[in-house]
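Here's a quick briefing to read with the model open on your screen.

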Amino acid sequence: MDLQPASKGDARAKSPEMPWFRKLSSPTLFLIVSLTLVGGYFAFTIPVSVFPNTDFPRIVIGVDNGVMPIDQMLVTITRPMEEAVNSVPGLQSVRSITSRGSAEVDLFFDWGSDMILTLQRVDAVVARLQPTLPSTAKLIRSD
C-alpha cells in the first residue's frame, strides 16, 4: 500500500471532468439569445416578397360583344384583331381565346422592348381597327 499523498496532477486525473455542455452552457445560451433577437429585428425590418417585381412584356386586348356565336366572333373580331396587331414591331407571338360573345388577344413582346412606346403603337393599331368592328363590340385593354 502506498501511503504517500497524491499530487495535484493525480487528483485532476482521478476527478471526473465536467461535460462539454456544462462548460459551454453560458456561451451557447448567449449565442442563442443573440441570434433570436437579431432574427426578430430583421423579421420586422427587412422587406420580403415571395416573387420579385417583374413587368412582363405582354399586352392583353379583350373584346366583349354580347352573345355573338363563336364562329362569328372568330371571323368578325378575333382574326382581324390578330392580323392588325401583327404589324407592331417587337411582337414575338400572338395568342387568342375566343368564346361566345368575347375574345381575348394576348400579345407577347421582346424583353428589351420599350413597353410604353409599344403600348402606344398597339393602341394606334386598335384605334384604326375599331371602326371595322361591330358597333356593339367593347374593347377592354389591360397591361
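A residue counts as buried when its relative accessible area is under 20%. Serine 113 comes in at 18%, so it's buried by that cut-off. Keep in mind that this is a predicted model.

**Around serine 113**
- You'll find serine 113 in the loop that links β3 to α5 (115-129).
- Leaving aside residues up to four places away in sequence, serine 113 touches Gly90 and Thr118.

**The strands**
- Strand β3 (residues 102-109) pairs with strand β1 (residues 58-64) in the antiparallel sense, over 7 bridges.
- To see that pairing in the model, go to valine 60, which stands opposite aspartate 106 in β3.
- β3 also runs antiparallel to strand β2 (residues 91-99), and 8 bridges join these two.
- β2 and β3 make a hairpin with 2 residues between them.
- Glycine 101 sits in the turn of that hairpin and has a positive phi of about 80°.

**Helix α4**
- Helix α4 covers residues 70-85 and isn't straight: there's a bend of about 35° at threonine 78.
- A proline follows within four residues of that bend, namely proline 80.
- Threonine 78 is also one of the buried residues in α4.

Definitions and conventions. Residues are numbered from 1 along each chain as its sequence is written. This is a predicted model: local features need pLDDT of at least 70, side-chain atom pairs count only at pLDDT 80 or more; totals for chains, interfaces and linings use all residues. Side-chain values use heavy atoms; hydrogens and water are left out. Two strands pair if DSSP finds at least two bridges between them. The bend at a residue is the angle between axes fitted to the seven residues ending there and the seven starting there. Buried means under 20% relative accessible area, exposed over 50%, partly exposed in between (1.4 Å probe, protein chains only). Contact means heavy atoms within 4.5 Å.
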